[in-house]
Amino acid sequence: ELLDRLRGWGAKILSTATTVDEALWLEAQGVDAVIAQGLEAGGHRGMFLTEDISTQVGTFALVPQIVQAVKVPVIAAGGIADARGVAAAMALGAAGVQVGTAYMLCPEATTSGLHRAALKSDMARVTALTNLFTGRPARGIVNRLMRELGPISGAPPAFPLATSAIAPLRAKAESQGSSDFSPLWAGQNVSGCRDVRAAELTRALAGIDRTD
């Protein structure tokens, strides 16, 4: 009923799958397109049929499997940071791509100063899935909290209660200029992060010269 109401307003329904089973489930529910989120993607996992992270695979393994399994358009997400990555996803059958991490240094992004500094540093080369900050698996840059507790732990309260549980420690650390206890969401490929306007980055991802 909710989907019908949204379509009545002229909306298209796009939803994330992290496995072939999830893609088939979404197609059965009538989505207009499936976003295939690979293991490399930053931020929260879009997984919903299982909480077993061992089911998660990389973008360029996942995309062709989902393309073969469903009839709706498939959008590739995860680890795509430049025009070559876009072309590779399209060659595997994707109808489009979804890019997140590469835009996080753009002036239009609301990325915090501490988060921007982390993205520009060598520490951004190492990311991991963690449930420490929200209670659900999400990919971020490894910092002190993740190293000392282990990225996946039984200690955090269930989602979304973990966010408020860590909030006082995070706030204190950030007030002292430290991101040791902050979620630094990022994908595995930060090579495309540039401090340029979003429009310029979008043209580069599309392989369009600025003079065009």
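His44 has Ala138 as its bridge partner in E7. This pairing belongs to a set of two bridges that join E3 to strand E7 (residues 138–141), with the strands running antiparallel. Strands pair if DSSP finds at least two bridges between them. Helices (H or I, at least four residues) and strands (E, at least two) are DSSP runs, numbered from the N terminus. The model is predicted: local features need pLDDT of at least 70, side-chain atom pairs count only at pLDDT 80 or more, and totals for chains, interfaces and linings use all residues. Residues are numbered from 1 along each chain as its sequence is written, and side-chain values use heavy atoms, with hydrogens and water left out.

E7 is also joined to strand E6 (residues 127–130), by four bridges in an antiparallel arrangement. Here Thr127 has Ile141 as its bridge partner in E7.

Glu40 sits in the loop between strand E2 (33–37) and strand E3 (43–44). Glu40 is buried but forms no salt bridge. Buried means under 20% relative accessible area, exposed over 50%, partly exposed in between (1.4 Å probe, protein chains only). A salt bridge requires a side-chain nitrogen of Lys or Arg within 4 Å of a carboxyl oxygen of Asp or Glu. The nearest side chain of opposite charge, Arg45, is 6.8 Å away; Lys and Arg count as positive, Asp and Glu as negative, while His and the chain ends are not counted.

Phe159 and Pro160 are joined by a cis peptide bond, with omega about 0 degrees. Pro160 lies in the loop between helix H6 (144–149) and helix H7 (161–175).
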